[in-house]
Amino acid sequence: MSVSRNHSIGTMSSEERCHFLPLGHLYGMLLVNILSTVVGTIGNVLVIGTVRTNFALQIISNFWLVSMAVADLFVTAIGQPLFVIYLGLQLVGECNIVVSQIFRLIANMSCSASVLHLCLISIDRCLVILRPHDFRKIRTRKRFRIALVIAWILPVMYGVLRLTVTKSATSLFTVIAVALCFLIIIICYTLIILKVRKQGSATLNRVRSSTGRPVASEHMVERRVTVTIAIVVVIFTVCWFPLLYLRSAFAEENFGVAYNWARTLAMSNSSMNPWIYCFRIAEFREAYNRLMRCQWKPACRGGAGGEPKEATTGTHSSDLETTTNSGPCAV
């Protein structure tokens with residue numbers, strides 16, 4: 001339904017900008033986006049606050065999770081509320097170009113940052129598992145900072161280009177870029193599973209003895225690794241495939257009921273990431289409880305000497321979470 005109603009701000013030359021949605025779909029999208037905003041904002045704030053107030057968790061692997069949580073927080077705390085406002089205005093017959101453009105900029109920038117972080121986290125986890133003895137020589141803090149800058153500069157550039165370049169060109173680029181990230185995620189997690197199965201109980205015994213934790217059965221660890229990786233891949237696919245399909249098959253028609261449901265689903269992935277990547281890690285769960293009970297000060301003191309465990313012990317359970325603690329939690 002593209003019948004014009006009220007154009008509150010700006011000249012609406014594009015049919016996409018004035019494409020009003022049926023009321024039933026409007027209410028459905030409003031509900032999903034509001035729920036995703038609440039759940040995602042709480043989850044991502046917890047991730048950021050937990051690492052910020054727990055010195056023992058301040059390692060590179062978790063810094064990636066914090067950076068992704070910031071990207072996801074842009075989606076759930078800014079992008080989706082703007083989308084809710086845009087949809088809400090349609091209920092009273094308004095199509096606000098300013099809100100639409102700001103939403104598109106924030107959503108494209110933060111969603112692309114989130115996807116890129118998922119890809120980089122999979123590479124980080126793969127490096128930790130495949131090169132357990134020398135990964136710190138490869139993954140230095142300097143290289144981490146460079147990668148982190150790239151992980152934010154590229155999404156900002158993409159967000160601007162999405163508003164200034166033709167949709168057909170940027171839609172094709174989106175499909176290729178996300179498909180490449182998806183392929184990297186699949187390859188990295190496949191290598192992780194193969195490595196866990198290859199090392200078997202010998203690796204588990206060595207890691208458990210160094211951390212002082214009981215040895216888990218090889219079968220249980222493999223099962224938990226596989227299950228969490230399956231969760232990651234399935235949720236990523238379900239959330240992003242509809243949008244990628246529509247942007248590739250209908251590059252010039254990024255509007256309508258199907259497209260808005262697809263990008264609602266893609267944005268909702270940002271509210272799921274904290275639950276997948278952090279809430280299954282034992283250290284994070286314990287830190288969440290302390291944080292919510294306002295008992296975070298003791299946690300801030302960290303390990304011996306006041307240094308992060310990564311610097312003092314050379315091994316941290318979150319780094320090897322995929323094969324040691326709760327199985328695949330840090331995947």
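This is a predicted model: local features need pLDDT of at least 70, side-chain atom pairs count only at pLDDT 80 or more; totals for chains, interfaces and linings use all residues.

Colleague: Let us turn to charges. How many salt bridges does the structure hold?

Modeller: There are 3 salt bridges in the structure. As background, side chains of opposite charge can pair when their charged atoms come close.

Colleague: Which residues are linked in a network of salt bridges?

Modeller: The network consists of Asp124, Arg125 and Arg139. Asp124 meets Arg125 with an N to O distance of 2.8 Å, and Asp124 also meets Arg139 at 2.7 Å, N to O.

Colleague: Is Asp124 buried or exposed? And what about Arg125 and Arg139?

Modeller: Asp124 is buried, at 5% relative accessibility. Arg125 is buried as well, with a relative accessible area of 1%, and Arg139 is buried at 9%.

Colleague: Which residue forms a salt bridge with Asp134?

Modeller: Asp134 is bridged to Arg131, with 2.6 Å from N to O. Asp134 is partly exposed, having a relative accessible area of 23%, and Arg131 is partly exposed at 39%.

Colleague: Next, aromatic rings. How many aromatic pairs are counted?

Modeller: The count is 7 aromatic pairs. One of them joins Phe74 and Trp152 in an edge-to-face arrangement, 6.2 Å centre to centre and with 65 degrees between the planes.

Colleague: Why does the pair of Phe74 and Trp152 tie together separate parts of the sequence?

Modeller: Phe74 belongs to helix α2 (residues 60–91) and Trp152 to helix α5 (residues 141–164), so the pair ties together parts that are 78 residues apart in sequence. Phe74 counts as partly exposed, with 28% relative accessibility.

Colleague: And what arrangement do Tyr158 and Phe173 have?

Modeller: Their ring centres are 6.1 Å apart and their planes lie at 35 degrees, so the pair of Tyr158 and Phe173 is tilted. Tyr158 is in helix α5 and Phe173 in helix α6 (residues 167–211), 15 residues apart, and the pair links distant parts of the chain. Tyr158 counts as buried, at 10% relative accessibility.

Colleague: Which residues do ring pairs link into a cluster?

Modeller: Phe63, Trp64 and Phe144 are linked into a cluster by ring pairs.

Colleague: Now the surface. Which residues make the nonpolar surface patch of about 540 Å²?

Modeller: Ile146, Val149, Ile150, Ile153, Leu154 and Met157 make that patch. Leu154 lies in helix α5 and is partly exposed, with a relative accessible area of 45%.

Colleague: What is known in general about residues three or four places apart in an α-helix?

Modeller: An α-helix has 3.6 residues a turn, so residues at such a spacing point the same way.

Colleague: One more topic: polar contacts. Which side chains does the side chain of Asn273 contact?

Modeller: The side chain of Asn273 makes a polar contact of 3.1 Å with the side chain of Asp72. A polar contact of 3.3 Å also joins the Asn273 side chain to that of Ser114. Asn273 is found in helix α8 (residues 257–277), where its relative accessible area of 1% makes it buried.

Colleague: Lastly, how far apart are Thr76 and Ser36 in sequence and in space?

Modeller: Thr76 and Ser36 are 40 residues apart in sequence, and their C-alpha atoms are 6.7 Å apart in space. Thr76 lies in helix α2 and counts as buried, at 0% relative accessibility.

Definitions and conventions:
Residues are numbered from 1 along each chain as its sequence is written. Side-chain values use heavy atoms; hydrogens and water are left out. Rings of Phe, Tyr and Trp (its six-membered ring) pair if their centres lie within 6.5 Å; planes under 30 degrees apart count as stacked, over 60 as edge-to-face and the rest as tilted. Helices (H or I, at least four residues) and strands (E, at least two) are DSSP runs, numbered from the N terminus. Buried means under 20% relative accessible area, exposed over 50%, partly exposed in between (1.4 Å probe, protein chains only). Patches are made of residues with over 30% relative accessible area and no salt bridge: like charges are joined within 9 Å, nonpolar side chains (Val, Leu, Ile, Met, Phe, Trp, Tyr) within 5 Å. Accessible areas come from the Shrake-Rupley method with a 1.4 Å probe; for residues, only the protein chains shown count as cover. A salt bridge is a side-chain nitrogen of Lys or Arg within 4 Å of a carboxyl oxygen of Asp or Glu. A polar contact is a pair of N or O atoms within 3.5 Å; within protein, one must be able to donate a hydrogen and the other to accept it, and residues adjacent in sequence count only if both atoms are side-chain atoms.
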